[in-house]
Amino acid sequence: MQANAQTAQVDDLTLIALPTAVNCADLFVRFTLGEWRLRNMTAECSAVACALVEAAVESADPKTSRLITLRLRLSGDYLVVELEAARFIMPPTSSNVRTGELQLAGGIKLIWCEMQLPTGVNANAVPLPRREKRRSPAAEALGDEPDVDPELIQRILFGLGGSMGNGHQR
C-alpha cells in the first residue's frame, strides 16, 4: 500500500460470510464505482472484490466471527480493494494487481489489492458523488409542499421542549 498517498474517498460494506455475500459485493462495487464515475474499472474491480469475498466465505470458521468488511478506497493513483476477515486465504489475482496483507488486532486480517487508476486520473480528480434532492413517491402524490411558517415551527418546538424540560414527570 502506498504510505504517502492520502485517501480521497472511501466506502465500505459489512457482510456476513455467507455465499450471498459475493453477489452483495458485486452490487456494492457497481454502485460505488458508478457514484465515483469510474465505471470503466467496474469489471476488474468487481472480479477482485468478489474473489476476495468468496475466499473469505470459504475460509470462514463457523465458531468465530463471520463478519467481513469490504472497503473501496481511492488513494493516490490507485483504487484499493480491502477486505477484513478473521480467517482468510488469499486467492490468486491478476499480475496487474498489487496485493498484500496485514494482521490487525483481534485476529483480524486486512487484505488489500491495488489497481492502477486510468491514465491521467488520480484520487483527487475523481469527483465526489452528488445526490439530487428528490421527494418520495408518496410526497409527489400529495402535490406541492404546503407553506410552513418558520416562526410557528419554532414556537411548537419551544413549547414541546418547555413542557418536557420543566420537571413534570409522565
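Reader: In E2, which residue is the bridge partner of Asp11?

Author: In this predicted model, strand E1 (residues 7–16) and E2 pair in the antiparallel sense over 9 bridges. Asp11 has its bridge partner in E2, and that partner is Leu72.

Reader: Which residue in E3 does Leu72 stand opposite?

Author: E2 also pairs with E3, in the antiparallel sense, over 7 bridges. In that pairing the residue opposite Leu72 is Val81.

Reader: Which residue takes a positive phi in the hairpin of E2 and E3?

Author: The hairpin has 2 residues between its strands. The positive phi, near 60°, belongs to Gly76.

Reader: Why is E2 largely enclosed by the rest of the structure?

Author: Buried here means under 20% relative accessible area. E2 is largely enclosed because, of its 9 residues, the number buried is 8.

Reader: Which element gives the most residues to the largest nonpolar core?

Author: This core has 37 residues, and Val53, Leu79 and Val81 have the most contacts inside it. Elements giving two or more residues include strand E2 (67–75), strand E3 (78–85) and helix H2 (42–59). Val81 touches, among others, Cys45, Val48, Ala49 and Leu52. With 9 residues, the element that gives the most is H2.

Reader: Among the elements of the protein chain, which has the lowest mean pLDDT?

Author: The chain has a mean pLDDT of 80, and 78% of its residues reach 70 or more. Over residues 164–170 the pLDDT is below 50, and this stretch has 1 contact in the model beyond near neighbours in sequence. Among the elements, H1 has the highest mean, 94, while the lowest, 70, belongs to helix H3 (residues 137–142).

Terms used:
Residues are numbered from 1 along each chain as its sequence is written. This is a predicted model: local features need pLDDT of at least 70, side-chain atom pairs count only at pLDDT 80 or more; totals for chains, interfaces and linings use all residues. Side-chain values use heavy atoms; hydrogens and water are left out. A nonpolar core is a set of buried Ala, Val, Leu, Ile, Met, Phe, Trp, Tyr and Cys residues joined through side-chain atoms within 4.5 Å. Buried means under 20% relative accessible area, exposed over 50%, partly exposed in between (1.4 Å probe, protein chains only). Helices (H or I, at least four residues) and strands (E, at least two) are DSSP runs, numbered from the N terminus. Contact means heavy atoms within 4.5 Å. pLDDT is the predictor's confidence in each residue, from 0 to 100. Two strands pair if DSSP finds at least two bridges between them. Lists of a residue's contacts leave out its neighbours within four places in sequence.
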